[in-house]
Amino acid sequence: MEKWEQIQKRFQEAGLVLSEKQAGQFAAYAELLVQWNEKMNLTSITDFDEILEKHFLDSLAAAIRPVLPPDVWKGNLVDVGTGAGFPGIPLKIYYPDLKVTLLDSLNKRVGFLDQVIRELGLKKITAVHGRAEDLAKDPRYREQFGLCVSRAVAALPVLAEYCLPFVRRGGFLVAYKSGQVEEELTQGGKAVKVLGGSLQKTEKFVLPGTDISRSLVLIRKVENTPKKYPRKAGTPAKQPLG
């Protein structure tokens, strides 16, 4: 079985239907990830089946468990701290109408993302080099997005300060978390409120066909973020709101 067929079959088992083109894009992405990982540290996961489950399916958790209104997937999305492109690129492949901005603080990773975008023939997607604290002050990005996603970046009080300034009123932040998230929710409640957010729900589930427990924390932007946030680079991590 070709790799694209394996991907198509595995996604179908998880309730996600891929075209041959989309499955081929995921297969090419996996190949590029392994190739580039030989010269720079992108991921510790290089086995094809593990990439498929722990990167691709995990990135599509918000599609497997539909926590968002369907029209969100035709809007614009920012992925804060995208790393090797997760979850932003898998979401873009699965939802081709999405306009996607990938943010990462390491220029070498942005170089990788640019090549993935070119080789997969993706449109309406850009990789941007910079720290979230700086880019969120830029009027081109501040409160310009209907959806922000972030996976494995920081604890919720810190993540909220990185992410909520990018989200417009009425938009959403989806934080990809592990199964155990109660403590973070308790610690992050005040930060979310201060930054203009409202905790809506936490969707807990096991990725289909695996034993991987996940939580999707859904936050709605209800007020504009006060101008003093985010604080200067490095401060949110050192002095979390709360």
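Which hand does the crossing of α1 and α3 have? The crossing of these two helices is right-handed, where a crossing is called right-handed if the near helix is turned clockwise from the far one by less than a right angle, and left-handed if anticlockwise. The model is predicted, so local features need pLDDT of at least 70 and side-chain atom pairs count only at pLDDT 80 or more, while totals for chains, interfaces and linings use all residues. Residues are numbered from 1 along each chain as its sequence is written, and side-chain values use heavy atoms, with hydrogens and water left out.

Helices and strands are taken from DSSP runs (H or I over at least four residues for helices, E over at least two for strands) and numbered from the N terminus. The axes of α1 and α3 are 11 Å apart and meet at an angle of about 45 degrees; axes here are lines fitted to C-alpha atoms, for helices over the stretch in contact, and angles run from 0 to 180 degrees between N-to-C directions. That angle makes α1 oblique to α3, given that angles under 35 degrees count as roughly parallel, over 145 as roughly antiparallel, 65 to 115 as roughly perpendicular and the rest as oblique. On the α1 side, the contact (heavy atoms within 4.5 Å) is made by K3, Q6, I7, R10 and F11, and on the α3 side by F48, D49, L52, E53, F56 and L57. By class, these residues divide into six nonpolar, one polar and four charged. Here Ala, Val, Leu, Ile, Met, Phe, Trp, Tyr, Cys and Pro count as nonpolar, Asp, Glu, Lys and Arg as charged, and the others, Gly among them, as polar.

Helix α2 can be followed next. Helix α1 (residues 3-13) packs on α2 at about 110 degrees, with the axes 8 Å apart, and the two are therefore roughly perpendicular. Their crossing is right-handed. In this pair, K3, W4, I7, Q8 and F11 of α1 meet E20, A23, G24, F26 and A27 of α2, a contact with six nonpolar, two polar and two charged residues. Helix α2 also crosses helix α3 (residues 48-59), at roughly 105 degrees and with axes that come within 11 Å. These helices are therefore roughly perpendicular too. Here F26, Y29, A30, L33 and V34 of α2 face F48, I51, H55 and F56 of α3, and the residues comprise eight nonpolar, one polar and no charged.

In soluble globular proteins, nonpolar side chains tend to be buried together. A nonpolar core is a set of buried Ala, Val, Leu, Ile, Met, Phe, Trp, Tyr and Cys residues joined through side-chain atoms within 4.5 Å; buried means under 20% relative accessible area, exposed over 50% and partly exposed in between, with a 1.4 Å probe and protein chains only. The largest such core has 60 residues, and F11 and F112 touch the most other members. Helix α2 (residues 20-37) gives the most to this core, with eight residues. Beyond its neighbours within four places in sequence, F112 is in contact with Y29, L32, L33, W36, L42 and A84. A second, separate core holds 30 residues, including L135, A175, V181 and A191. Burial also marks helix α8 (residues 156-163), where eight of eight residues are buried.

Several loop residues complete the picture. R131, in the loop between β3 (125-129) and α7 (132-135), is partly exposed at 39% relative accessible area. Its C-alpha is 4.9 Å from that of S105, although the two are 26 residues apart in sequence. Leaving aside neighbours within four places, R131 is in contact with S105, A233 and G234. G179 sits in the loop between β5 (167-178) and α9 (182-194) and counts as buried, with 9% relative accessibility. Not counting residues up to four places away in sequence, G179 touches K204, S213, R214 and S215.

The peptide bond from F86 to P87 is cis, with omega near 5 degrees, and P87 lies in the loop between β1 (76-80) and α5 (88-94). Another cis bond, with omega near 0 degrees, joins Y229 to P230. K124, which is not a glycine, has a positive phi of about 55 degrees. E143, also a residue other than glycine, has a positive phi near 50 degrees and counts as buried at 19% relative accessibility.
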